[in-house]
Amino acid sequence: MSPSKDLSHELTTKGYEVEAQGSHNLARGFPHPHPIPQFGKSRSELLRKREWMKQHMAGAFRIFGRKGFSEGSAGHISIKDPVDPATFWINPLNRHFSLIKASDLVHIDKNGNVLSDGNQAAINAAGFSIHAAIHKARPDIISAAHTHSIYGKAYSAFGKELEMINQDVCIFYQRHLVFVNFGGVAIDEREGEEIATCLGPNGIGCILQNHGLLTVGSTVDEAAALFLLMESACHAQLLADAVQGKKKQIISHDVAEYTCQMTGDAESLYAEFQPDYEYEMEVTNGAFLK
């Protein structure tokens, strides 16, 4: 999920030294330690990629659980299946994020049928409506993440986009939107379709008014990294808004655009997630890989 346009020439003419996007911009001395793994197109390679994706998805759930994002039956992450892209994987209903393993994930077709090669378990009906609509509307999206995280749902009550008040939030500059048509639990497929439409052709994040946050990516790592960043950005925004008598300094268009160009690409966001993933591997002894 790169920015919607290549800003290199435009930013260079404004005085910024801009290289091609990628995680190499963040590394000096040696190549970046976390390149996105590459897989072949044979069936055996696609099956290997599926297992890798499921493991990283399970790791994302564990990290979300550690950060307090698990809340009853709410919240879901999906990944488009690399073997059959018309299907996707999602978490089972009412399984705490901190307990999820790769083998717990449920394989679903476009009609919501549970497929035989995944966990045989119920899934969240609202989750299916949202994720099915997003994957249908945006073929470029491999993964989507949505939870009712505390700062995300608190900030969502205002129904407004985030302000560019720090470096990290600039990743969402002109790439996040607000979905205002909240209609309760999104079991009706039409609300999932409306959310997908709101996300648009290039959006990477959406604030669901009175509901929570949703992010998407070309890997589950990217979608999860963006969710963590958006939740943190909501927290920072709420803290800044609570200060009385002080004027916020908003980052200029040029600087926000440049920062997004340098740190908001798929490679950099994949890499951004790996420290949390490695930590989860260490503290759980890789339990979620099973």
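Contact here means heavy atoms within 4.5 Å, and buried means under 20% relative accessible area, with exposed over 50% and partly exposed in between (1.4 Å probe, protein chains only). Helices (H or I, at least four residues) and strands (E, at least two) are DSSP runs, numbered from the N terminus. The model is predicted: local features need pLDDT of at least 70, side-chain atom pairs count only at pLDDT 80 or more, and totals for chains, interfaces and linings use all residues. Residues are numbered from 1 along each chain as its sequence is written, and side-chain values use heavy atoms, with hydrogens and water left out.

**Helix α5**

- The buried residues of α5 are E191, G192, I195, A196, C198 and L199.
- Seen down the axis of α5, these buried residues fall within an arc of 160° (taken from the directions from the helix axis to the C-beta atoms), so they line one face of the helix.
- An α-helix has 3.6 residues a turn, so residues three or four places apart point the same way.
- E189, R190 and T197 are exposed on the other side of α5.

- Two strands pair if DSSP finds at least two bridges between them.
- β5 and β6 pair in the parallel sense over four bridges, and L177 has C206 in β6 as its bridge partner.
- β6 and β7 run antiparallel and are joined by four bridges; G205 stands opposite T215 in β7.
- The hairpin of β6 and β7 has three residues between the strands, and in this hairpin N210 takes a positive phi near 60°.
- From β6, G205 and I207 point one way and C206 and L208 the other way, and all are buried.

- Strand β1 (residues 76-80) is mostly covered, with five of its five residues buried.
- H76, S78 and K80 point one way from β1, while I77 and I79 point the other way.
- β1 runs antiparallel to strand β4 (residues 143-147), with four bridges between them, and I77 stands opposite A145 in β4.
- β1 also runs antiparallel to strand β2 (residues 88-90), with three bridges; the bridge partner of I79 in β2 is W89.

**Helix α2**

- The 24 residues of helix α2 (residues 43-66) should span 34 Å at 1.5 Å a residue, and its end C-alpha atoms are 35 Å apart, which agrees.
- The expected span is 1.5 Å times one less than the number of residues.
- Just after α2, G68 has a positive phi of about 85°.

**Aromatic rings**

- Rings of Phe, Tyr and Trp (its six-membered ring) pair if their centres lie within 6.5 Å; planes under 30 degrees apart count as stacked, over 60 as edge-to-face and the rest as tilted.
- By this rule there are nine aromatic pairs.
- One of them is the tilted pair of F64 and F227, at 5.2 Å centre to centre with 35° between the planes.
- This pair links distant parts of the chain, with F64 in helix α2 and F227 in helix α6 (residues 220-242), 163 residues apart.
- The rings of Y277 and F288 have centres 5.5 Å apart and planes at 75°, so the pair is edge-to-face.
- Both Y277 and F288 are buried.
- F39, W52 and Y270 are linked into a cluster by ring pairs.
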